[in-house]
Amino acid sequence: MRIAVCIKQAVDEAELKFDHAGNAILSNAQTKLSTFDKNAVEEALRIKTLKGGEVIAFSAGNNESKKGLKEALAMGADRAVHIITETYERSSLTVSKLLSKAIEKYKPFDLILFSEGSSDIYTSLVPGQVSTMLGLPFIPFARKIEVHDKDVKVSQTLEEKTVIISSPLPAAISVVSEINQPRYPTLVQIMQAARKQIDEIREDSLGVEPKGYRVEYIRAQSVERKKVIFEGPPEETARKLLDALKREGVVK
Amino acid sequence: MSGLIEREHELLLLQSYKEGEQYIEALRNIAAFLEENVLPFSEEIDLGKRSISELRKSLFKHGLCSIPFNPEFGGLGLPFSVYVLAMELAGAADASIALSMAIHNTVADIINMYGSPEQKEKILPELLSGKKLASFALTEPSSGSDARNMNTRVEKRGDSFVINGSKTYITNAPEADVFLVFARSENGHVCLVVDRDTEGLEVGKNMEKLGMRGSTTAEVFFSECKVDSSSLVGKEGEGFEYAKSGLNSSRIVMGSICVGIASTAFRKAAIFSLERRAFGKSISEFQLIGEKIANMKLKINASRFLCFFASRMRELGMDFSSHAAQAKVFATESSLEVCDSAIQIFGGQGYTSSDVNRHWRDARLLTIGEGTSEILRILIAKKELAGLR
């Protein structure tokens with residue numbers, strides 16, 4: 001069983017800082033392996049333990065992406081492929097093209113795994129786009145994956161229903177964070193990961209023109225609360241509150 | 001950036017090693033593990049609602065104690081300074097766990113330095129993996145600082161050593177599987193590895209303490225306690241030198257744990273000072289609070305750099321005994337001052353909340369244990385004056 005797992009070195013949202021105009025400062029922002037991607041790596045490793053084979057981690061991004069790939073290697077991935085982009089901001093479409101072209105170079109794969117979305121932007125666009133580009137069936141938001149020799153059975157939890165989807169292999173699947181508890185690599189594994197291979201592919205060598213949307217800015221939105229206090233006897237304050245709510249269009 | 005990791009950790013490693021990036025990664029990994037698995041339980045540990053046993057096991061499994069040892073025995077073969085910084089992070093997450101593991105590792109360090117090849121092969125893998133917990137039995141009811149004058153006796157009888165006497169304030173004793181025991185024979189001081197289940201060895205009950213309440217401490221009694229001669233570490237007569245040598249390194253680690261304790265107290269107090277309002281503004285805007293914040297930070301960094309400096313001296317094979325003592329005296333005393341300032345900034349809440357005042361209580365041990373500040377100042381003065389004579 002050969003499994004590709006696509007991961008992203010995301011901006012660490014807990015450490016994100018904003019300038020006076022409310023714009024996120026992305027240059028030199030702290031990054032981390034996108035939180036849910038750890039679930040995708042964990043699932044790939046779980047399947048490998050059951051079925052044997054190889055897990056290869058792919059990531060498209062600037063130099064920071066190496067850190068995430070090393071973490072995936074420390075968790076237990078066998079190899080890693082870094083598609084080097086010049087900047088952090090690449091559209092989802094461009095990233096999908098880069099990933100699918102790189103995956104093509106390393107095929108065949110039985111499974112391509114993704115997380116449900118990145119922990120910084122969370123567009124959830126890449127898994128569907130990559131599967132389409134590779135011509136593979138795509139099953140999103142997997143909560144449980146059962147891999148058989150020729151097909152895969154995936155459970156999705158949709159509100160009160162559980163949907164079971166079967167698909168022939170190869171297939172692409174995105175997983176939700178509830179699917180597993182990602183392992184912590186131990187220090188020994190961190191040291192061993194330093195000796196594992198990370199292949200490098202430059203984005204221009206894949207013939208992908210950076211296209212699609214361009215990120216103009218990422219800005220924090222805040223809504224000022226009105227903080228109005230009504231004072232007086234209960235009947236009077238209730239009436240004042242009701243009038244105010246009507247004025248604001250909250251009630252008619 | 002991971003919460004426990006500070007820019008200074010990264011810069012120290014980058015400036016000192018060409019493999020600095022790799023060591024930073026190891027440190028980040030330890031920090032992330034501690035933040036998720038240890039830090040959230042630190043208050044429960046202090047309040048006696050949780051034992052450190054399972055958390056300590058998970059840290060052994062993660063590799064914390066293996067950092068500076070040879071891969072041949074299950075170590076990671078990383079520099080001692082990486083271990084010192086990792087223990088600072090452990091101290092920042094929970095001082096009791098850090099203390100327990102540091103004492104355990106002092107035993108491993110002495111066996112690694114002076115043990116026979118057979119002892120290393122048998123004991124070190126068990127200690128580094130945490131399969132067995134170790135305890136360092138030196139202090140006695142009548143000899144703390146004056147440890148050389150210990151009363152515990154050991155007698156050679158045939159192919160065995162027989163120990164009689166008692167030890168006190170022994171960290172890990174209630175849980176330990178193996179004890180490194182120091183005693184006096186007619187040929188001088190002796191260092192022995194003694195298994196817990198050896199006949200004639202008894203452990204007293206866990207002592208109540210002001211701080212470090214998650215770690216266990218007890219008396220250990222030896223009555224005609226007979227061990228095989230293969231239990232002897234190094235040479236008969238050299239035992240006290242081994243203890244001193246182990247303590248030199250251990251003092252750097254104790255200093256480092258105090259840097260961690262102080263960092264956590266600092267972080268809590270600094271955030272509180274920004275949030276707490278008085279007279280219409282954040283108390284961080286008052287200059288007297290600002291002075292405290294500045295002094296806390298400079299003491300933390302100065303302590304951290306002294307500990308790192310001493311550990312680099314050890315790595316480079318230099319005599320580091322004075323610098324280890326300097327690091328411990330400065331870091332432990334500074335930690336007490338920082339934790340005291342944290343209580344002051346928190347005011348009433350600092351005095352009443354274990355989450356604030358336990359840091360001071362934890363740090364309070366370490367101007368006493370592993371060499372009091374007074375004894376260490378004598379050591380520093382002697383060393384420095386000898387260099388001028």
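Select helix α5 (residues 80-93) of chain B, and you will find a mostly covered helix, with 14 of its 14 residues buried. Buried means that 20 or more other C-beta atoms lie within 10 Å of the residue's own, exposed that 12 or fewer do, and partly exposed covers what is in between, with C-beta atoms placed from the backbone. Helices here are DSSP runs of H or I with at least four residues, strands are runs of E with at least two, and both are numbered from the N terminus.

This is a predicted model, where local features need pLDDT of at least 70 and side-chain atom pairs count only at pLDDT 80 or more, while totals for chains, interfaces and linings use all residues. Residues are numbered from 1 along each chain as its sequence is written, and chains are lettered from A and ligands numbered from 1 in the order in which they are written.

Stay on α5(B) for its span: the 14 residues reach 20 Å from first C-alpha to last, close to the 20 Å expected at 1.5 Å a residue (the expected span is 1.5 Å times one less than the number of residues).

Show side chains, and B:Y23, B:A26, B:L27, B:I30, B:A31 and B:L34 of α2(B) meet α5(B) residues including B:V82, B:L85 and B:L89; contact means C-beta atoms, placed from the backbone, within 7 Å. Nonpolar covers Ala, Val, Leu, Ile, Met, Phe, Trp, Tyr, Cys and Pro, charged is Asp, Glu, Lys and Arg, and polar is the others, Gly among them.

Next, select α10 (residues 321-346) and α13 (residues 373-386) of chain B, whose axes come within 9 Å and cross at roughly 145 degrees. Among the residues meeting here are B:A325 and B:V329 of α10(B) and B:L376 and B:I380 of α13(B). This contact has 5 nonpolar, 5 polar and 5 charged residues.

Then click on B:D177, in the loop between β3 (160-171) and β4 (178-185) of chain B. It counts as partly exposed because it has 15 C-beta neighbours inside 10 Å. Beyond its neighbours within four places in sequence, B:D177 touches B:K132, B:L133 and B:R196.

Key:
Contact = placed C-beta atoms within 7 Å. Axes fitted to C-alpha atoms, helices over the stretch in contact; angles between N-to-C directions.
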